[in-house]
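Here is a short briefing on one protein model and its ligand. Look at the structure, then read the points below.

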Amino acid sequence: MRLNKYIAQAGVCSRRKADELTAAGNVKINGAVTREFGYDVKDSDVVEVNGRRINAVHKQVYLALNKPCGFITSAGDERGRPTVMELVGDVPERIFPVGRLDYNTSGLLIMTNDGSLSQRLSHPKHGVYKTYRAKVAGVLSDERAAKLRKGVDIGGFVTSPAIVHVIKQAERTTLVEIKIREGKNRQVRKMFSAVGNKVVDLERVAIGEIYLGHLKEGHYRKLTKQEVDYLKEL
Ligand code: URA
């Protein structure tokens, strides 16, 4: 395997960065510095980067992050806004978010370096239920809740059946739990707008059987083996 690919697969950095490290003399093969980008790593080779032995049999990492509002779900932002990557900065592997949450949505985001799991989970055909808690303005009448359950037009797209429960009616707002299987852009916000209730706060509390629980905002935890197995079987 080509040296830069080997280093990237070990979760150290990107291939481009691997070439930079190689050029800077930070990579050793069998104890000797190499600057040969195209070196073909053999099974018996010992590869060190910055003095640490690495192994391309790369460790798969699965995390649940409680994303706070005010962070974008991508690796970089041209407007310089904080990204979720900053919240997992101490994780050595190169992980990325599965799907996305709006800048102003908080809650459960799964992050992993398992590209195939990520692709499968993001595919619409999997249709795992995602559970949101939405605080909406005004009263969500029974009639409006029934419309949400049945499906509403959110601008050229009619949503599939949703599971909707009113949790708490306050004076000016209603707390609603809504479960949907699709993931159109700003779908939950658009669904409530379609029935006349503006979303004031939105939090994702579960993805299938993976729950946010008491994880604090801005914190992450490793998924348990059972949770990872569950996701792989979806
Ligand atoms: N629906 C939304 O409107 N926003 C999200 O972030 C997720 C689902």
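**The ligand and its pocket**

The ligand takes up the space of the largest pocket. A pocket is found on a 1 Å grid over the protein atoms alone; it is an open set of points with protein on both sides within 12 Å along at least five of seven lines. The model is predicted: local features need pLDDT of at least 70, side-chain atom pairs count only at pLDDT 80 or more, and totals for chains, interfaces and linings use all residues. Residues are numbered from 1 along each chain, and side-chain values use heavy atoms, without hydrogens and water.

**Around the ligand**

- The shell includes Leu101, Tyr132 and Leu202; a residue is near if one of its heavy atoms lies within 4 Å.
- Helix H5 (residues 187-195) gives the most to this shell, with three residues; a helix is a DSSP run (H or I) of at least four residues, and a strand (E) of at least two.

**Polar contacts** (pairs of N or O atoms within 3.5 Å)

- A polar side-chain atom of aspartate 102 lies 2.8 Å from a ligand nitrogen.
- Threonine 105 has a side-chain N or O atom 3.0 Å from a ligand oxygen.
- Arginine 186 uses a backbone N or O atom, 3.3 Å from an oxygen of the ligand.

**The sheet**

- Four strands form an open, antiparallel sheet in the order E2-E1-E3-E4; strands pair if DSSP finds at least two bridges between them.
- Strands E2 (32-33) and E4 (52-54) are at the edges with a single partner strand each, so one side of each has no neighbour in the sheet.
- Two bridges join E1 (residues 27-29) to E2.
- Isoleucine 29 has alanine 32 in E2 as its bridge partner.

How values were computed: A polar contact is a pair of N or O atoms within 3.5 Å; within protein, one must be able to donate a hydrogen and the other to accept it, and residues adjacent in sequence count only if both atoms are side-chain atoms. On a 1 Å grid over the protein atoms alone, a cavity is a set of points where a 1.4 Å probe fits but cannot get out, and a pocket is an open set with protein on both sides within 12 Å along at least five of seven lines; lining residues have an atom within 4 Å of a point. A molecule sits in a cavity or pocket if more than half of its atoms lie within 2 Å of its grid points.
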